[in-house]
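Have a look at the structure, then read on.

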Amino acid sequence: MTGSGILGVPQALAYSGYSGIVLMFLCVAVATYTGLTLSRNWMHVRDQYPRCAKPYQCIGNSAFGRVGEVSVQVCASVTLVGGCCAYILIAAQSLSRFLSIEFEVDSVGDGTCVVIMALVFLVILLFGSGMIHFSFLS
């Protein structure tokens with residue numbers, strides 16, 4: 001998701017002018033503060049729970065108890081599923097445009113391409129352990 005957002009920054013700055021530059025520096029400051037706070041909390045939790053396998057959930061548990069741990073797990077799961085859905089939609093739109101330009105096929109809609117891309121990603125997910133044989137393609 002970051003890649004497509006970064007590509008749009010120059011155009012966004014061109015449209016927003018000086019206020020966009022100020023807003024960008026404000027976002028950088030907030031992200032820096034958040035990263036530093038998260039790293040300090042992780043160091044504290046790491047010392048307190050040396051065998052913790054899920055660091056974000058441990059931080060949530062340390063700060064707010066079981067409710068914090070469950071909240072962090074729900075937020076992480078929603079983020080992962082939402083990111084995957086966004087990638088499937090982007091890939092489906094790209095496939096639809098490719099088919100309409102390259103093969104002049106207008107009958108394949110975005111909905112059909114979403115199903116095709118979801119099936120492709122599902123096959124990769126189910127049979128991903130055997131995908132090592134295709135590593136030469138990357």
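Cys113 is buried, at a relative accessible area of 0%. Here, buried means under 20% relative accessible area, exposed means over 50%, and partly exposed lies in between (1.4 Å probe, protein chains only).

## Ground rules

This is a predicted model, where local features need pLDDT of at least 70 and side-chain atom pairs count only at pLDDT 80 or more, while totals for chains, interfaces and linings use all residues. Residues are numbered from 1 along each chain as its sequence is written, and side-chain values use heavy atoms, leaving out hydrogens and water.

## The disulfide

How many disulfides are there, counting pairs of cysteine sulfur atoms within 2.5 Å? The count is 1, and the link runs between Cys52 and Cys58, with an S to S distance of 1.7 Å. The Cys52 and Cys58 link is right-handed, with 105° about the S-S bond. Both ends are tucked away: Cys52 counts as buried at 18% relative accessibility, and Cys58 is buried too, at 16%.

Cys84 itself is partly exposed, at 48% relative accessibility.

## The whole chain

Of its 138 residues, 12% are buried.

Conventions: Disulfide = S-S within 2.5 Å.
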